[in-house]
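Please examine the sequence and the structure shown here before reading the notes that accompany them.

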Amino acid sequence: LKDNYYRCGLAGYVDYLARNDGDDVALCHVDMHGNKRELTYNELSIVSNQMANYLKDKGIKKGDVVALVLRNNYEFFVVSLAILKLGAVMMPLQYTNKKPQYESIFKRANPKCVIACDYEIKQSEDRSAFVLNEIGEACDNDVIKICTNANSGFASAWETLDIYKNYETEFTNEEVQITDLGYLFSTSGTTGEPKLVMHNYGFALSHYYTGLWYGVKRGKKHL
């Protein structure tokens, strides 16, 4: 691993690629309506800088846990890089979790912020719920709540993520050690309460070799 670009793991490597292969496509996202969006490495670096400035303004700092319930929306990738640039800890969660599962996870992980997109999910034959309702009721009042869209009435208590587009495009990445905690993952909870699995900042970079094994090549699209 070389120079200071790697000091925040995956996010630092994206910045490195932005400076050296900035016009290459980094992310191609197609939503459920067929709308396609592409971001180059340079664009991904810039928007993640804006997101990092926004989250920093909201009080997110090094070591804070940020829970993500964003499914496969393109915002997931932007927010993830921003969290790593801040030296914070990203915790992606299943949107199909129910309130008791969220409560169990939040109690142990103590997130400073939750960023979610709203979906109506069928939880039984006679009950469905909006994700924001389930999460909001499981959170402590002082947790920062940010959403990408607002389907339910509960969303009025959440801030809108799109504000990040108004922030500066330059950001100085927080310096971290590759061994610092960078990721928290939740198990399914099939046999009991969901467990939390910890990974350091080097975790994502280690999958470079996984990509080689799977035949990932530069310039090709990979699902």
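This is a predicted model: local features need pLDDT of at least 70, side-chain atom pairs count only at pLDDT 80 or more; totals for chains, interfaces and linings use all residues.

The residues are Glu75, which lies in helix H3, and His29, which is found in strand E1. The helix is H4, which spans residues 99–109.

**Glu75 in helix H3**

- Helix H3, which holds Glu75, runs over residues 74–85.
- Glu75 is buried, yet this residue has no salt bridge.
- The nearest side chain of opposite charge to Glu75 belongs to Arg37, at 6.1 Å.
- Not counting residues up to four places away in sequence, Glu75 touches Leu70, Thr148 and Leu161.

**His29 in strand E1**

- Strand E1, where His29 is located, comprises residues 25–30.
- His29 counts as buried because its relative accessibility is 12%, and the cut-off for buried is under 20%.
- A polar atom of the His29 side chain lies 2.9 Å from the backbone oxygen of Asn72.
- With neighbours within four places in sequence left aside, His29 is in contact with Asn35, Lys36 and Arg37, and also with Asn72, Asn73 and Tyr74.

**Helix H4 and its surroundings**

- The buried residues in helix H4 are Tyr102, Ser104, Ile105, Phe106 and Ala109.
- Asn110 follows H4, and the phi of Asn110 is positive, near 50 degrees.

Terms used
Residues are numbered from 1 along each chain as its sequence is written. Side-chain values use heavy atoms; hydrogens and water are left out. Helices (H or I, at least four residues) and strands (E, at least two) are DSSP runs, numbered from the N terminus. Buried means under 20% relative accessible area, exposed over 50%, partly exposed in between (1.4 Å probe, protein chains only). Lys and Arg count as positive and Asp and Glu as negative; His and the chain ends are not counted. A salt bridge is a side-chain nitrogen of Lys or Arg within 4 Å of a carboxyl oxygen of Asp or Glu. Contact means heavy atoms within 4.5 Å. A polar contact is a pair of N or O atoms within 3.5 Å; within protein, one must be able to donate a hydrogen and the other to accept it, and residues adjacent in sequence count only if both atoms are side-chain atoms.
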